[in-house]
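Hi there,

Here is the structure I promised to pass on to you. Have a look at it first, and then read my notes below.

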Amino acid sequence: MRTVIKGPKKTTKYILFLFILLLLLIVSFSFFFTPDKNKSVENINIKKIGAVGDGKTDDTLIIQKALNSAKSSNKPITITIPKGTYKLTDTLVVYSNTNITLEKGAILERNHSSSIIVNGESTKEYKKYDGEGNITIEGGTLDGNLENYPSPFNAIGIAHGKNISIKNLVVKDIAGGHAIDINGSKDVTIENCQFLGYKDVTTDHSRYYSEAVQIAEQTKLGFPRFGEYDGTPSQDITIDNNYFGPSGTKGTTAWPVGVGNHLTVYDEYNKGIKIINNRFDGMTLAGIRPLKWQDTYIANNTFTSCYIGIQLSNTNGQGESSKTVDGVQTNKPQSGSNYVIENNTFNNSQKNGIFGRGWYINNTLATMDSLTVKANIFTNQNLNIKGAVIDLSWIKDVTLDENVISNVYKGISISYGSNITISKNDLNAISTDGISINEQEILYPNFSNSITIAENSISDFSGFGVKANYVTSLLVHNNNLETASTNLKNSILYQNSNNIKVYANNQTAKQ
């Protein structure tokens, strides 16, 4: 009799079935339950870990402990700061992948002699844009408390960072430094913030130029807190829908400068800067003051009662800004280029709406090139200071188009300009000259050339409608000029010039 053994075959199939089932379970578990590190966020409410927020208790260590968690976490960190006044006795250091959210009524109050927040440790050396980044600071108030701690400081210091956002924040009462100091960083956005109150605490009042938001290269002189001091420029910075003005605190004023910088590095250029939709009230030096920037867009801002609305500054071949990153003095001037300034409103400028100058110094020419000024409105300039509402010199490849200028001391003044087009502007109620082109022959003969003045409306001017001196190749045509005097000779004046074409202009005198 034959015996048939069936067990092992069935057992093998059963084991195989269990193995496949287990494998499927493992894969399914991994798919559905493995955390997404990119989307998971660690949330820390500082009051839940011991912060008090009563304005008396020192909350520095608790907040810094929360910030330190970003160094060891594999997730982004959100630090929530509820309503309250948090006394800080030291600078807070924020690390990469951190979001600081200050809820309504939350105040970080400075009670020490240095910055409120920085994005790096003083013992570290960062390179280019590889420092602490992916940082957001939003909401609440940073209070400089300068009445009790009047030493110079910055509210927020940023260097070697990228992808940084600061929004819906109030920064008030800063002594000597900056509200936000951006150095050698990229992809930074500052939006919907208020910058209120500044005090120059130097005995000789030598910090008359401080910027609420400074955009600069990373240098030891400019930002000594941490390096490397490699001259890395800032780029791709957006300043959008902010307010710059006074705080009302006793002893403070509005900021000297809203956005800009005052120190640079030879052959390095901050670039890709957008300043849009902001309000600048009562800036004591200038609303915006870039120092030899490139590729800058300034649009839809309002400047009210600023000494100068926009001051386009450049280096003159002297001082720290003419040194290389290695500290070698070049004694050479440099200028910025490619500015677009459009759809801004300048009201009650004290000296100029827009002022800018390149340089010719030490036998080196450094013109400011590629400038477009279009569709801006300039009204009610302070007539006692006697400045031109648009005052530009040592410039090349410039277009002034479709601007409206009224009730000013002088309209448009160009000194040493090459390849300039001034067209379709409307100038009215000008105390002196409407459009003035001038060159002093002994300094740089024949630099002022290829200038077109066309299709402008210039009315109620008391000086000359169009005045040109030492210009080569001047074209003046199809302008409408109505002088405030009874003498038509005041309409157009050109002298010491050659290759002049003047035609099809409508000239009328006051009756």
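Which residues point one way from strand E14 (residues 180-183), and which the other way? Ile180 and Ile182 point one way, Asp181 and Asn183 point the other way, and all are buried. In a regular strand the side chains alternate between the two faces of the sheet. Buried means under 20% relative accessible area, exposed means over 50%, and partly exposed is in between, using a 1.4 Å probe and protein chains only.

Before you go further, some housekeeping. This is a predicted model, where local features need pLDDT of at least 70 and side-chain atom pairs count only at pLDDT 80 or more, while totals for chains, interfaces and linings use all residues. Residues are numbered from 1 along each chain as its sequence is written, and side-chain values use heavy atoms, with hydrogens and water left out.

Back to E14 and its partners. Two strands pair if DSSP finds at least two bridges between them. E11 pairs with E14 in the parallel sense, over four bridges, and Ile158 stands opposite Ile182 in E14. E14 is also joined by four bridges to strand E17 (residues 211-216), and these two run parallel. There, Asp181 stands opposite Gln214 in E17.

A cavity is a set of points, on a 1 Å grid over the protein atoms alone, where a 1.4 Å probe fits but cannot get out; lining residues have an atom within 4 Å of a point. Points are joined across faces, edges and corners, and the volume is the space filled by probe spheres set on them. The count comes to one cavity of 30 Å³ or more, and about 40 Å³ of space lies in the largest cavity. Its lining includes Val94, Ile117, Asn119, Ile137, Gly157 and Ile158. Strand E8 (117-118), strand E9 (135-138) and strand E11 (156-159) are the elements that give two or more residues to this lining. E11 has the largest share, with three residues. How do the lining residues divide into nonpolar, polar and charged? Eight are nonpolar, two are polar and none is charged. Here Ala, Val, Leu, Ile, Met, Phe, Trp, Tyr, Cys and Pro count as nonpolar, Asp, Glu, Lys and Arg as charged, and the others, Gly among them, as polar.

Next, the aromatic rings. Rings of Phe, Tyr and Trp (its six-membered ring) pair if their centres lie within 6.5 Å; planes under 30 degrees apart count as stacked, over 60 as edge-to-face and the rest as tilted. The structure holds 12 such pairs. One of them, Phe195 with Phe244, is stacked, at 5.0 Å centre to centre and 20 degrees between the planes. Phe195 lies in strand E16 (residues 194-199) and Phe244 in strand E19 (residues 243-245), so the pair ties together parts that are 49 residues apart in sequence. Both of these Phe residues are buried. Trp394 and Phe447 make a tilted pair, with 5.3 Å between centres and 50 degrees between planes. This pair links distant parts of the chain, 53 residues apart: Trp394 is in strand E36 (residues 388-401), and Phe447 is in the loop between strand E40 (435-438) and strand E41 (449-454). Trp394 and Phe447 are buried too. There is also an aromatic cluster made of Phe195, Phe244, Phe280, Phe303, Phe346 and Phe378.

Some rings have a charge over them, which requires NZ of Lys or CZ of Arg within 6 Å of the ring centre and within 35 degrees of the ring normal. The charged end of Arg110 sits 3.5 Å from the ring centre of Phe153, and Lys292 lies over the face of Tyr269 at 3.9 Å.

Most residues other than glycine have a negative phi, and most peptide bonds are trans. The peptide bond from Gly227 to Glu228 is cis, with omega near 5 degrees; Glu228 lies in the loop between E17 and strand E18 (235-240). Ser305 has a positive phi near 55 degrees and is partly exposed at 30% relative accessibility. Asn348 has a positive phi of about 60 degrees and is partly exposed at 29%.

Enjoy exploring!

Notes
1 Å grid on protein atoms, 1.4 Å probe; cavity = no way out; pocket = protein on both sides within 12 Å on 5 of 7 lines; lining within 4 Å.
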